[in-house]
Amino acid sequence: MSNYVKARYEGSKRSYCFAAEEDLKPGDEAVTPNGTKVTVVDEPVDLSWIEAYGRSNIKTIKRAPEISEAECCNNKAKTK
């Protein structure tokens with residue numbers, strides 16, 4: 001069973017419902033199936049809305065992969 005969370009796209013004020021197979025907490029960074037980053041927010045999820053909309057229509061997000069300092073520095077060096 002999935003957990004349901006609300007998250008915002010970068011630069012957006014509106015939050016959206018997502019399913020999450022992992023335990024995500026407010027402030028956690030996650031990615032949508034198409035790779036877009038979202039930030040989990042501390043807002044209640046209306047389960048009656050999810051039932052009405054259809055569980056199969058809710059996108060599933062995953063925790064964003066951690067970027068190590070070495071990868072970060074290597075990417076910066078490549079772009080210069």
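## Contacts along the chain

Take the contacts (heavy atoms within 4.5 Å) between residues at least 6 apart in sequence: 55% of them join residues at least 24 apart. Keep in mind that this is a predicted model, where local features need pLDDT of at least 70, side-chain atom pairs count only at pLDDT 80 or more, and totals for chains, interfaces and linings use all residues. Numbering starts from 1 along each chain as its sequence is written, and side-chain values use heavy atoms, with hydrogens and water left out.

## Fold

The protein has 2 helices and 5 strands, counted as DSSP runs from the N terminus (helices are H or I, at least four residues; strands are E, at least two). Along the sequence they come in the order β-β-β-β-α-β-α.

## The core

Of the 80 residues, 28% are buried, meaning under 20% relative accessible area with a 1.4 Å probe, protein chains only; over 50% is exposed, and in between is partly exposed. The largest nonpolar core has 9 residues: Val5, Ala7, Phe18, Ala20, Leu24, Ala30, Val38, Val40 and Ile61. Such a core is a set of buried Ala, Val, Leu, Ile, Met, Phe, Trp, Tyr and Cys residues joined through side-chain atoms within 4.5 Å.

Leaving out residues up to four places away in sequence, Ile61 touches a list including Val5, Phe18, Leu24 and Val38.

## A look at Val45

Val45 sits in the loop between S4 and helix H1 (47-53). Its relative accessible area is 22%, so Val45 counts as partly exposed. Beyond neighbours within four places in sequence, Val45 contacts Tyr4, Val5, Lys6, Cys17 and Ile50. Cys17 is 28 residues from Val45 in sequence, yet their C-alpha atoms are 7.0 Å apart.
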